[in-house]
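Hi everyone, thanks for coming. Let's take a few minutes to walk through a fold together, so please have a look at the screen.

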Amino acid sequence: MKIVLAATGASGAIYLQRLLSRIDAKEHEVHLVFSGYAKQVIREELGDLDVPEGVKEHGDKTMNVPFVSGSARFDVMVVVPCSMGTLGRIASGTSDSTILRAADVFLKERRKLILVPRETPWNLIHARNVVAVMEAGAIVLPASPSFYAGSNTIEALADTVVDRILDQIGLPNLSAFRWKESGE
Ligand SMILES: Cc1cc2nc3c(=O)[nH]c(=O)nc-3n(C[C@H](O)[C@H](O)[C@H](O)COP(=O)(O)O)c2cc1C
């Protein structure tokens, strides 16, 4: 698969870190783009992000990457974590950064775009922007951990969200807790 991961300045760097550790960058082509604020929040929450070998890293001010053009065929883009600012800019179609242009391309090409927002509470603008991106074809997968899997570490709790992202990407995920399937 050809995958774009985009990190923005919402809380939840752990979701990106766990997702990166669950995608094999030797088997898949994985690009990782950071917004300016993503780096700041990652530093605050994790210190350093551990980027697996093979993942191609990009800043948010380049158009010299293949996935900002519809002519390059990619499978899926995940914005994780997704700030409400980025979600709103995707909704309005500004397209003036690498992440925003890539999201715009995925929507126009009817490719899978998964947004993982983290904000609470929402204002009406957030809610309207979520509706707009869903109407345009995005999958909105809020960073809302579930508690029925009996997670006893923060990492395991974060994985309840990451498991849903992997399911939406369409990657095999044998370790996911599945209600009434996991033999527990
Ligand atoms: C420590 C920290 C945590 C933040 N958490 C969130 C958040 O959970 N959700 C959100 O929408 N914005 C959050 N923000 C604000 C965004 O970083 C800010 O709106 C920024 O402009 C987003 O820009 P970007 O979308 O280009 O990354 C946070 C900022 C900081 C410094």
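Two notes on reading it. This is a predicted model, where local features need pLDDT of at least 70 and side-chain atom pairs count only at pLDDT 80 or more, while totals for chains, interfaces and linings use all residues. Residues are numbered from 1 along each chain as its sequence is written.

Let's start with the sheet. Helices (H or I, at least four residues) and strands (E, at least two) are DSSP runs, numbered from the N terminus. Two strands pair if DSSP finds at least two bridges between them. In what order do the six strands of the open sheet come? The order is E3-E2-E1-E4-E5-E6, and the pairing is parallel. Strand E3 (56-58) and strand E6 (139-140) are the edges, each pairing on one side only.

Now look at E4, residues 76-82. On one side, four bridges link E4 to E1, residues 2-7, in the parallel sense; there, alanine 6 has valine 79 of E4 as its bridge partner. E4 also runs parallel to E5, joined by five bridges, and here valine 78 stands opposite isoleucine 114 in E5.

Is E4 buried or exposed? Seven of its seven residues are buried, where buried means that 20 or more other C-beta atoms, placed from the backbone, lie within 10 Å of the residue's own.

Next, helix H1, residues 13-22, which lies across E1, E4 and E5 (112-117) at about 145° to E4. Angles run from 0 to 180 degrees between N-to-C directions, with axes fitted to C-alpha atoms, for helices over the stretch in contact. Seven of the 10 residues of H1 are buried, so the rest of the structure largely encloses this helix. Among them are Tyr15, Gln17 and Leu20. Their cover includes E1, helix H2 (36-46), E4, E5 and helix H6 (154-169). Contact here means C-beta atoms, placed from the backbone, within 7 Å.

Finally, the helix pair. H3 (residues 84-92) and H5 (residues 124-135) pack at about 50°, their axes 9 Å apart. Residues including Met84, Leu87 and Ile90 in H3 meet residues including Ile125, Val130 and Val133 in H5.

Note on methods
Two residues are in contact if their C-beta atoms, placed from the backbone, lie within 7 Å. A residue is buried if 20 or more other C-beta atoms lie within 10 Å of its own, exposed if 12 or fewer, and partly exposed in between; C-beta atoms are placed from the backbone.
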